[in-house]
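Student: I am new to this structure and would like to work through it slowly. Could you take me through some of its features, one question at a time?

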Amino acid sequence: MTRTAPAPLSDSGISAPAPEAFVLTGAFWVVCRNTRYLEELSARGLKILLITPESYREAATAARKDPAHPAALIDDIAYVDGSLDQEGSFTPSFIARARAWHGRYTLVGAYAVGETLVEQTGLLCDALGLPGPGLRATRVCRSKYLQRWYLDEFSPASLVLAPGTREDADLAALRYPVVVKPATRHSSSGVIAVDGPDALRALLREYPDHETILVEQKVSGQEYSVESLVQQGEVVFTSVTRKETTESGDRTFVELAHSVPSADPAGHAELLAANLRMLASLGFRDGIAHAEWRTGDDGRPYLMEVAARTPGDGLLALYHLATGQPMEPEIVRIALGEPAAYPAPARYARQVYLEHEEGALGTVALDWPGVTPRWVGGNGGMWPETVPGAADDPGALRALLVLKEAGARLTPLASSDDRAVTFLIDAPTPAELDELERRVRAAVTVTVDPVVDDER
């Protein structure tokens, strides 16, 4: 039950009920890009409140002045201070801003759209008795080393290096190769594989002293994600997504492709069973879980990490293409305590990120009837809506997106933010999807110009 403060008095002196409101949290641009959350809440007549980091204040203020921008649907914004590489740093200002709304609104639901404020949103839901993943789930899902502690059954061998302990750690005792992961970052930032103790020691010196670092045995094998809609502790929808990363040619793990659903069912039953046990171990209550797994060479599913929020990249768009229905309305229903359901995929969909050379982004050309490149680079670029086809429609290229601005510096793929060009496709069969990907790749031309040294 939502706790409410005494209602304010109306002009007649009679207590007026505080308007019902829903709190979205996360990076301002991520929330705006997921416009269906805003549209769904607005259609219900709910006030839309947003809690976002202070760094977005200027951009958000400007965007809200444009009546055509999705941000115009937001009724109030609170800005919070903190840093992703410092655990819990957003919590004090988050609680202060949320309490300022107490009494002005009747808060009926809350949801973390991105990774930044997952834990704090869990605290909000717990304090107000709102549906949410639960305190354990939201805390553990924001910490890679806590996941190894609580979810040891599914984890590779690992070592936690707290601040001040790196120089004393017995790195020679580890079984190499290993993967180094900063404990609280996201988007694959700082995640690097190394082959021996000397290389590991040198790499550790590159991380800020205050960061907690997780070092774990590298698991070889196919990578997947499992998306699960959970309501009152019961899974109402789950599906396996196949992933490809930069790992094959580099020591980083930046995602290059997502395929929904995974077309190779071998081992999926064991993977889904492990995912179900993992959710139970977290006490996951209400919301969506995005879990990343690897099926090891020994056939065992290993948990890489799990998040208590919407999957990133274009996965929501892929599920819309694969099932014919958007997932966001069901996520809102879960957050409001309403019965939710979601259909099984009827088509196969894929998002592909193109690798690039180093330099300055020049032109992006596409030789494809009816589709042109959509430049969404820079802060605030809105992704176009992808419209699904019927189950037996021919394969289709739905969008080609340029994620950076012209002239942007292109660097090696060390994190998800380094990717520049992506496309979304869907088809009735896996074979047709593979052939469609080959054709689209051949139809795209990305020009990368030399970087001009400013001093010259």
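Predicted model: local features only at pLDDT ≥ 70, side-chain atom pairs only at ≥ 80, totals over all residues.

Student: How many disulfides does the model have, and what about cysteine 125 and cysteine 141?

Tutor: A disulfide needs two cysteine sulfur atoms within 2.5 Å. The sulfur of cysteine 141 lies 14 Å from the closest cysteine sulfur, which belongs to cysteine 125, and this is too far for a bond. Cysteine 125 is likewise in no disulfide, and the count by this rule comes to zero.

Student: Are cysteine 125 and cysteine 141 buried or exposed?

Tutor: A residue counts as buried when its relative accessible area is under 20%. Cysteine 125 has a relative accessibility of 6%, while that of cysteine 141 is 4%, so by this cut-off cysteine 125 and cysteine 141 are buried.

Student: In the open sheet of three strands, which are the edge strands?

Tutor: The order in this sheet is E18-E15-E20, and the pairing is antiparallel. Strand E15, residues 359–366, is joined to E18 by two bridges, and alanine 360 stands opposite arginine 409 in E18.

Student: Which helix lies across E15 and E20, and at about what angle does it run to E20?

Tutor: The helix in question covers residues 430–443 and lies across both of these strands. This is helix H12, and its angle to E20 is about 40°.

Student: Where is glycine 190 found, and how far apart in space are glycine 190 and phenylalanine 253?

Tutor: Glycine 190 is in the loop between strand E6 (178–182) and strand E7 (192–194). Its relative accessible area is 17%, and therefore glycine 190 is buried. Glycine 190 and phenylalanine 253 are 63 residues apart in sequence, and from C-alpha to C-alpha their distance in space is 9.6 Å.

Conventions
Residues numbered from 1 in each chain as written. Heavy atoms only, no water. Buried < 20%, exposed > 50% of the residue type's maximum accessible area, 1.4 Å probe, protein only. Pairing = 2+ DSSP bridges. Helix = DSSP H or I, 4+ residues; strand = E, 2+ residues; numbered from the N terminus. Contact = heavy atoms within 4.5 Å. Axes fitted to C-alpha atoms, helices over the stretch in contact; angles between N-to-C directions.
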